[in-house]
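I opened the notebook today to record what I looked up in one model, entry by entry. The headings below give the topics in the order I took them.

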Amino acid sequence: LILERALDYEVQHYSDYRATMGACVLDRFLPGRGTAWVRYEPKFRAAEMGQPEGGLQPTEDAETEEVLDYECVPCDYVDWRDFGHSVARTWEEVTRVWRRIYMTKAGLEKRFGSEKAKLVPMDASPYVDANEQKIKEDEDRALIYEGWDREAKRAVWFSKGVKDFLDERDDPLNLEEFFPCPRPMWATLTNDSLVPIPDYTLYQDQACELDTLATRIDGLVQALQVRGVYDASQPVLQRLFTEGVNGELKPVKNWAAFAEKQGLKGAIDIVDLAPIAAALLAAYQAFDQIKNQIYEITRISDIMRGFVDPDEKLGQSQLKTQYSNLGIKSYQDQVAVFATELLQLKAQVMCSKFDPQTLLTLSAADQLSEQDKKLVPQALQLLLGPLQPTPEGGFKRVEAGGGRANP
């Protein structure tokens, strides 16, 4: 209950989880791979240490130390172009993962120190155009690689322009599967490669046909208007279509000669719109047929789109409703598993890194029932490992890192 409420607090009060999930789902359906990354982020504040009994002298400054202010487990969205892993046939065979991080000068100094920050070239940008050309922004950034090796149980941070690692750590987060990222959301895969086949490639021929038909339909609609020629000796005929209203008659000079030439039939010749209208109707029908092919390929039924054939019987509609979710259930399950694994990683980081008091605060343990409050020490030991009480009435870990949890 404590862990669940702490996770719920982070999901509800920080927008990173929801934003990351939305971006990953979009990447799953466009390029074919959605990836996220979790990290531990503690924040410290300066606090004054105890003063001597005689107080501070005028020439002395109060000593300060850094104390933990708060801690959280952010979820970072990783663009599909910035994520990589070792060559493997299945995810279980992957031994290394990495991602690219674009850092500002200030962020670089804060993370690695000013001395190392000076060595890193500031010549990268996360923004590229359709041709993969870098788009100039106000400030260039440093391209940092973060790599995790499961076999060596080691994580490193480096830049291609610097000879040595900027940072390296042994098993930084104490995760069960070591990797700080869940299994990516992939589109269609085969058993011999982790290179996904995006859904669009399955119906790209039909999409191209739709594009062609849309262009032709637009041309036919533009052509579907009254056009023709008229006898120049009777300029009043042009005004019939531009000025004529209901019941209005236009005068014609030399009526006898006009009538001798079969009147309007002989003086005006209008373009026949029947072939254009027939072609437009055929284009619309072909457009609908190709759309239905795409719906069948992507398994999006008409019931799910809110469309029902008026001539369809009730039993047919009920049958479609009953089996409509089968087509996208695998997509839903994939998203649900990804979201669950991302929460599991957050939970494991909480159990391995969080201070006991942080978990109690996030879960609002002081609002539990009196019966549940008696079980709080046991619950914390189950989650965090061996603990010992503090004089302030809280708890602290017996040894750094605590126990490992398997939520």
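**Entry 1: the chain as a whole**

I note at the start that this is a predicted model. I looked up the secondary structure and found 14 helices and 16 strands in the protein chain. The chain has 407 residues, and 34% of them count as buried. I also looked at contacts between residues at least 6 apart in sequence, and 64% of these join residues at least 24 apart.

**Entry 2: the three-stranded sheet**

I then turned to an open sheet of three strands, whose order is S4-S1-S10 and whose pairing is antiparallel. S4 and S10 (185-186) are its edge strands, since each pairs on one side only. Between S1 and S4 I found four bridges, and in this pair alanine 36 stands opposite tyrosine 77 of S4. Between S1 (residues 33-38) and S10 there are two bridges, with glycine 34 having methionine 185 of S10 as its bridge partner.

I next asked which helices lie across S1, S4 and S10. Helix H2 (residues 16-29) is one of them, and it runs at about 25° to S4. Helix H11 (residues 329-353) also lies across these strands, running at about 15° to S1.

**Entry 3: arginine 28**

Arginine 28 is found in helix H2, and I wanted to know whether it counts as buried or exposed. Arginine 28 counts as buried because its relative accessibility is 4%, which is under the 20% cut-off. Leaving aside neighbours within four places in sequence, I listed the contacts of arginine 28, among them Arg33 and Gly34, Met185 and Trp186, and Tyr331 and Gln334. The list also includes Ala187 and Asp199.

**Entry 4: the largest pocket**

How much space lies in the largest pocket? I recorded about 1500 Å³. The pocket is lined by 39 residues, and the closest to its centre are Arg39, Asp76, Arg99, Ile101 and Met103. The elements that give two or more residues to this lining are S2 (41-48), S4 (75-78), S6 (96-103), helix H3 (105-112) and S7 (142-149). The largest share, five residues, comes from S6. Sorting the lining by class, I found 18 nonpolar, three polar and 18 charged residues.

With a relative accessible area of 37%, lysine 153 is partly exposed. I asked why alanine 364 counts as buried: its relative accessible area is 18%, and the cut-off for buried is under 20%.

Technical notes
Residues numbered from 1 in each chain as written. Predicted model: local features only at pLDDT ≥ 70, side-chain atom pairs only at ≥ 80, totals over all residues. Heavy atoms only, no water. 1 Å grid on protein atoms, 1.4 Å probe; cavity = no way out; pocket = protein on both sides within 12 Å on 5 of 7 lines; lining within 4 Å. Points joined across faces, edges and corners; volume = space filled by probe spheres on them. Nonpolar A, V, L, I, M, F, W, Y, C, P; charged D, E, K, R; others polar. Pairing = 2+ DSSP bridges. Contact = heavy atoms within 4.5 Å. Axes fitted to C-alpha atoms, helices over the stretch in contact; angles between N-to-C directions. Buried < 20%, exposed > 50% of the residue type's maximum accessible area, 1.4 Å probe, protein only.
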